[in-house]
Amino acid sequence: MKLRRNEYCPVHKSRFCCGRENVRKETRQIRMGVRRIDDPHHPRGYRELRSAAEMRKLMNRKIVEQDRKCGICHIEFTDYYDVVPDHIDSKGMGGAWRDDHPDNIQAAHWWCNLERGSQ
């Protein structure tokens with residue numbers, strides 16, 4: 001009897017026995033939701049970087065806080081896929097200096113954010 005890779009051995013109650021090849025686990029970097037980076041040049045003393053999932057949660061909260069209106073043009077959102085995060089205090093092309101703190105993020109239409117650019 002040959003056991004499949006993901007099947008438990010009935011004798012040892014394990015997936016890694018009986019001469020099977022060990023399943024290679026992908027070396028995937030686990031990113032925490034919100035990372036704080038110490039930055040002595042920032043007024044708060046730190047910057048926040050958010051994962052994509054945490055940014056979605058923050059965007060949902062910001063949409064409700066802004067009464068479902070764009071932070072730039074103040075027109076109501078009609079489609080969820082048109083909404084993107086906009087950094088109020090943008091740092092231009094320096095992605096390493098990004099700050100995803102909730103006070104620095106607003107919900108905006110993608111075309112409004114594109115038109116505004118990094119001023």
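Arg44 lies over the face of Tyr46, at 5.2 Å from the ring centre. A charge counts as sitting over a ring if NZ of Lys or CZ of Arg is within 6 Å of the ring centre and within 35 degrees of the ring normal. The model is predicted: local features need pLDDT of at least 70, side-chain atom pairs count only at pLDDT 80 or more, and totals for chains, interfaces and linings use all residues. Residues are numbered from 1 along each chain as its sequence is written, and side-chain values use heavy atoms, with hydrogens and water left out.

**Charge over a ring**
- The ring of Tyr46 also has the charged end of Arg36 over it, 4.1 Å from the ring centre.

**Aromatic pairs**
- Two aromatic pairs are counted, where rings of Phe, Tyr and Trp (its six-membered ring) pair if their centres lie within 6.5 Å, and planes under 30 degrees apart count as stacked, over 60 as edge-to-face and the rest as tilted.
- Tyr80 and Tyr81 are edge-to-face because their ring centres are 6.2 Å apart and their planes stand at 80°.
- Trp110 and Trp111 also form an edge-to-face pair, with 5.5 Å from centre to centre and 80° between the planes.

**Exposure**
- Tyr80 is partly exposed at 43% relative accessible area, whereas Tyr81 is exposed at 71% (buried means under 20%, exposed over 50%, partly exposed in between, with a 1.4 Å probe and protein chains only).
- Trp110, at 44% relative accessibility, is partly exposed, and Trp111, at 38%, is also partly exposed.
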